[in-house]
Structure formats: structure tokens, C-alpha cells
Amino acid sequence: MNSFLEVRNLNLSLKAGMPILRSVSLNVAAGQVHGLVGESGAGKSMIGKAVLGTLPRALQVTSGEIWLDGVNLNSLPTAERRKTIGAKAALIPQDPLTALNPSKRIGPQITRRLVDILGWQKSDAEARAVELLHEVHIPDPARVMKSYPHELSGGMRQRILIASAFAAEPKLIIADEPTTALDVTVQKQILRLIAEMQQRHDTALLFVTHDLGVVSKTCDTLSVLYAGKVIEEARMRRFFTRPIHPYSAALLKATPTYTNPRGSLTPVPQSVIDATEREVREHDMRASR
Amino acid sequence: MMYEIRDLKLSFPDISRKPLLGPVPRIEVLKGLSFDVPKGVVLGIVGGSGSGKSTLGRAMLRLLEPTGGTIRFDGQDITHTPEEHLRAVRQRFQMIFQDPMSSLNPRRRVGAIISGPLRLHGMTDLRSRVNEALDMVGLPRNFATRYPHELSGGQRQRVGIARAIALRPEFILADEIVSGLDVSSQAQVLNLLEELVRDLGLTLAFVSHDLSVIRRLCDRTLVLHHGMIVEEGATAALFDAPQTAYTQELLAAIPLPDPDQPWR
Ligand SMILES: Nc1ncnc2c1ncn2[C@@H]1O[C@H](COP(=O)(O)OP(=O)(O)O)[C@@H](O)[C@H]1O
Ligand SMILES: Nc1ncnc2c1ncn2[C@@H]1O[C@H](COP(=O)(O)OP(=O)(O)O)[C@@H](O)[C@H]1O
Ligand SMILES: [Mg+2]
Ligand SMILES: [Mg+2]
């Protein structure tokens, strides 16, 4: 299968030298959904940011390559790299409220990328925005285009960000904890919507989440991260039925499930944490040789 | 009974709709709730955001004054008791807050944070009480000299628990205390809470939007929706046979870590 996104041996560290990502490799094929899971601070968001070229200043790529649609992004000059990423990839962020500018109407916030980055005519961009709002099942798009973010519910705002992400027909979407701020019933609608859009537009989707329940409903394949290292890569069903890494198995046991209250919520055993930490240190020793 | 609550109502003035003349309209947040909390029970309070969970908790601890109905705490009507007369009961109930970072004063050390309520209630022997509280939540005693930003999320939540139990209250209200935690520290904090309830004979109200956590921890569960109780009962029965469409919908929406769950 051809990968639309390929991350090869990516190493990322703080400028002071502390490793943040440790030889991360992953592939996402066109039309496929790949999950990135792990506890907070594991480096999930930084992988997405590295791909989108939006890493914080304090971090730098020390080695590795990111290939998007057969192009090595590192080989492109900065301006062209930005343009390529802007045309081929887009983000659905975690918190719809902070991602939207509170003092601007919704319409211009959707059309801005099309006009500024892709050079569309304003009228074309507006027509496209209305069409997209229809597509994400927003009842009265013309009215919503004129609304301010605070006038809309959290679920509506997330629909708008989904519409916005798909606006320029990217072939890769990175969704970073897109439903973490929402109620479960709204979460379900939004996850369905993301799946529907992903399938209709045949995009590759990199789905970042700490919620193993969400992964089991959304992903074809996944990578489990611990301290910036991929400790397990799996097809979704295999991961839930036969996790290989002891830390993966422990994470599954720690996840609460109302159908199995006694068998869930077991803290990750210290022995498992110690063994996984040892693997991380061994990686660092090999890398420094 | 630890609590007997009858027809509890609470409304806030709606400043956004303040007319030029006349009274400010009010938003009714709790719309007549009636339920009991027997002593020694862990009660789960669940519902979507904005359903009134935190408001209910704050009313039970009389951080808010109800606009209608009655709240009895251990037989005593505290619905409208003025603050100066609440002091004695305040020692008997405590709250653990949602966001450990914003509820812990960042400029105070852990020791001072835990001893704050003790001091307020004129307790002596602060150092040994702080040590005892740290022991009970499984934190090393030398954590007393640390600042909140030097702790992990799970450790901060333990400090919140230590502060609440240091006064040896009879009742604790925990408001979304594991929502921001990773599953591994969530499991540790919940196990700790379960142990403390057992060892100290506490009555606990546990507010959460997460039904899976409620199922694991709580003896009884109360489902709140738009400021009304839609369902209340023994947890196992409520989960096995939810009686209302709303509870059924909530349960069906939870994505379980199981690829075979019928969900779509
Ligand atoms: N702006 C930044 N400066 C320094 N370190 C950062 C910055 N942003 C993130 N980090 C560090 O990078 C690591 C990975 O973070 P992140 O990818 O956000 O984790 P996750 O998304 O898995 O919760 C963490 O240890 C975090 O502290
Ligand atoms: N001090 C207040 N003034 C006005 N409205 C409030 C106040 N506190 C809460 N509310 C409103 O009451 C409703 C319930 O809030 P809350 O009890 O915090 O819900 P939950 O904890 O279930 O998310 C919300 O609509 C909220 O906006
Ligand atoms: Mg993140
Ligand atoms: Mg609340």
C-alpha cells in the first residue's frame, strides 16, 4: 500500500538536548485512519506539529524525514514546503474555542485559508464555505457564516473546524484530540462526522487521542507512544484482542469500562513502567553511539 | 441520613438579559431535586456539561444558597443557615475540586495548602496532621515543602484529597477530580479514594461526566439532565437496566475500548 504520509526515524529534541521524539516511524496510506495513542506528554501532538511544520521554537528536528505524497518535505525550501503542506494537509484541533478567533465572524475564518494560502477569489471561497457547512450538517449555513464563535455550541464550533479543515481538499487530515472537550453524546456525532468526511473525501487521517475507546471506533491501525518512542504498532483489532507490549496491555486494563467494572481501572504496574523506561534508555544509548 | 434533599431549587440572575427597568430575569439551574444520601454511601452524580452537577455540589456544601426547597445535613436543616452559623458544619464536609492546578494556590507549598482549612478551623498540631494526611494519600512527607507546579497531575489531585481529609470530615464532595488525568493516574486516584472511603467511613458524592468511572466507584447513581433528576438508583441496577431514554442514550454513546461494541 502506498503511504500518503511517511515519517521515517524522526528524532526531535529540546534545544537543550532533551529528546522529545525517539526515532519515530509511521505510515498513513491514502484513505486510511491511523491512531496515535499514549498518555499526556508522550509526544502525540509533536508528531502532528512536526508534519504540519508548526513545532514550537524550543524544539528542533535532529534527524529523520517526513514524506508527504511522495515528496521529502525536508528537501524543499521553506516557502515551498509551507505551500505544499498548506495544500495537502490540514488540522482539526482539540479545542474549538481557542482555535477560533472570538472577535471575528465564522465566514471569514473559514475562507481566509482559501484566499490567503491558495489564492482563491473571495466569492468562490464563500460559496465553498457555505457548501462545506452544508456538508457538515449545519442547518442554516448563511446565518452561521455571520455568527461569532461564542454564539454557537461546542459541537457546532467543532463542525465548523472540520468544515474548515476539509476546505482546500487536503489529502491528509491530522485530528488532535478533536472530541476531548465535548460531551459523550456530542462526541459520538462528531466522530461519525469525521469518519463520514474522511471517507467521502478519501483522505488519510492521523488521529491523535489518549482515549482507547475512541481509537477502537475510529482507526484502522495505530501506534502507541511512550516517552516519544513508538512501543507498539498494530492493526486496530489485533491491538485490542492481543496487545503485544506489556505497557499497551496495562493501558487497556487501566481504561475504565462500564461493562466490566471490576476488570478495568487497574493502575499500570510499576514493573511495567520500569521495563518500558529501560527500553527508552536503551534506545538513547544506541542513538548516542 | 447524611443528606435529605427535597425539591431543591437554585437560580442565578441572568445578567445578559437584564432589562432597563424591573427585576433581572433568573436562570433556573436546579429545578426541584429530591434525593437522599445514606451515610457511608458513595453517590455518583452524572450528566452532560451544564446539567447542573457542580451547582448541586456547591449547594450541598452551602457554597451557594438555594432559592427553594430544603437541604438537611445529618438531620439539620442548612438550607438558609447564615454563614456565621455554618462554621460547625463546614468542618464536617469538604470538597475536592475539578482542576487541581487552579484550586491549589501556586505560591503556597503543599504543607501550607493542606494545613489551610485546619488553621481556619482553629486546629493545633498542624505539622503532624499534615504528615498524617500525606501518609494517607500515599505521598512522601517531604512533599510538604514542594510547590504545586513541581507535582504531576495525579500528585496534585492527591494533595487536593489530603487537604480535604485532613479535617477528618464525614462527607466529601469530589467534583470531576479525575477528568484531567491519564488513565493510569486516574486508576490510582480512584483506588485511593475507594480505600479512604472504606478506612475513614466517609460518605462521598462523586461528580463526573464519565459513566464508566461512576460504574466502578459508586454504590448509587443519580443522572442529572437540564437541572432535573432523570434517574436515580443502585448503580448496578441503573446500568443493567436504564429506565429512561436519556440514560440509555448516554450509555450507548460511550466508546468502549472494544472493537466489537455495536456503536455506530
Ligand atoms: N513549547 C514547548 N517547549 C518545550 N517543551 C515542549 C513544548 N511543547 C511540548 N513540549 C514537550 O514535548 C513533550 C511532548 O508533548 P506533546 O506532544 O504535546 O504530548 P502529548 O500530545 O502526547 O500529550 C512533552 O514532554 C512536553 O513537555
Ligand atoms: N454563577 C453563575 N451565574 C450564572 N449561571 C451559572 C452560574 N454558575 C453556573 N451557571 C449556569 O448553570 C448551569 C449549570 O452549570 P454547572 O452546575 O456548572 O454544570 P455542570 O457542572 O453540570 O457542567 C450552566 O448553564 C451554567 O452556565
Ligand atoms: Mg497533545
Ligand atoms: Mg461542573
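A:Arg22 and A:Asp284 form a salt bridge, with their closest N and O atoms 2.6 Å apart; the term here covers a side-chain nitrogen of Lys or Arg within 4 Å of a carboxyl oxygen of Asp or Glu. A:Arg22 belongs to strand S2 (residues 19–29) of chain A and A:Asp284 to helix H12 of chain A, so this pair ties together parts that are 262 residues apart in sequence. Over all chains the count comes to 23 salt bridges.

Some ground rules before going on. This is a predicted model, where local features need pLDDT of at least 70 and side-chain atom pairs count only at pLDDT 80 or more, while totals for chains, interfaces and linings use all residues. Residues are numbered from 1 along each chain as its sequence is written, chains are lettered from A and ligands numbered from 1 in the order in which they are written, and side-chain values use heavy atoms, with hydrogens and water left out. Helices (H or I, at least four residues) and strands (E, at least two) are DSSP runs, numbered from the N terminus.

**Sheets in chain A**

Let's stay with S2(A) for a moment. Strand S1 (residues 3–14) of chain A pairs with S2(A) in the antiparallel sense over seven bridges; two strands count as paired if DSSP finds at least two bridges between them. A:Leu12 sits opposite A:Leu21 in S2(A). The hairpin of S1(A) and S2(A) has four residues between the strands, and A:Gly17 there takes a positive phi near 115 degrees.

Chain A also has an open sheet of six strands, in the order S6-S7-S8-S3-S9-S10, with mixed pairing. Its edges are strand S6 (89–92) and strand S10 (229–235) of chain A, each pairing on one side only. From one strand to the next, the twist averages 20 degrees. Angles run from 0 to 180 degrees between N-to-C directions, using axes fitted as lines to C-alpha atoms, for helices over the stretch in contact.

Strand S9 (residues 221–226) of chain A runs antiparallel to S10(A), the two being paired over six bridges. A:Ser223 has A:Glu233 in S10(A) as its bridge partner. Helix H11 (residues 246–254) of chain A packs on this sheet, touching S9 and S10 of chain A, at about 100 degrees to the direction of S9(A). Contact means heavy atoms within 4.5 Å. Helix H12 (residues 270–288) of chain A lies across S9 and S10 of chain A, at about 110 degrees to S10(A).

**A sheet in chain B**

Four strands of chain B make an open antiparallel sheet in the order S2-S1-S4-S5. Strand S2 (26–37) and strand S5 (76–77) of chain B are at the edges with a single partner strand each, so one side of each is left without a neighbour in the sheet. Strand S1 (residues 3–13) of chain B and strand S4 (residues 68–73) of chain B run antiparallel and are joined by five bridges. B:Arg6 stands opposite B:Thr70 in S4(B).

Here are the strand pairs side by side.

| Strand pair | Bridges | Sense |
|---|---|---|
| S1(A) and S2(A) | seven bridges | antiparallel |
| S9(A) and S10(A) | six bridges | antiparallel |
| S1(B) and S4(B) | five bridges | antiparallel |

**Where the chains meet**

In the interface, 33 residues of chain A are in contact with 33 residues of chain B. About 3100 Å² is buried between chain A and chain B, and carbon and sulfur atoms give 62% of it; buried area is the accessible area (1.4 Å probe) that two parts lose on being put together, summed over both. A:Lys217, A:Tyr258 and A:Leu265 supply 26% of the area chain A buries against chain B, more than any other three residues. The rule finds one salt bridge across this interface. A:Arg237 and B:Asp260 meet through their side chains in a salt bridge, at 2.8 Å from N to O.
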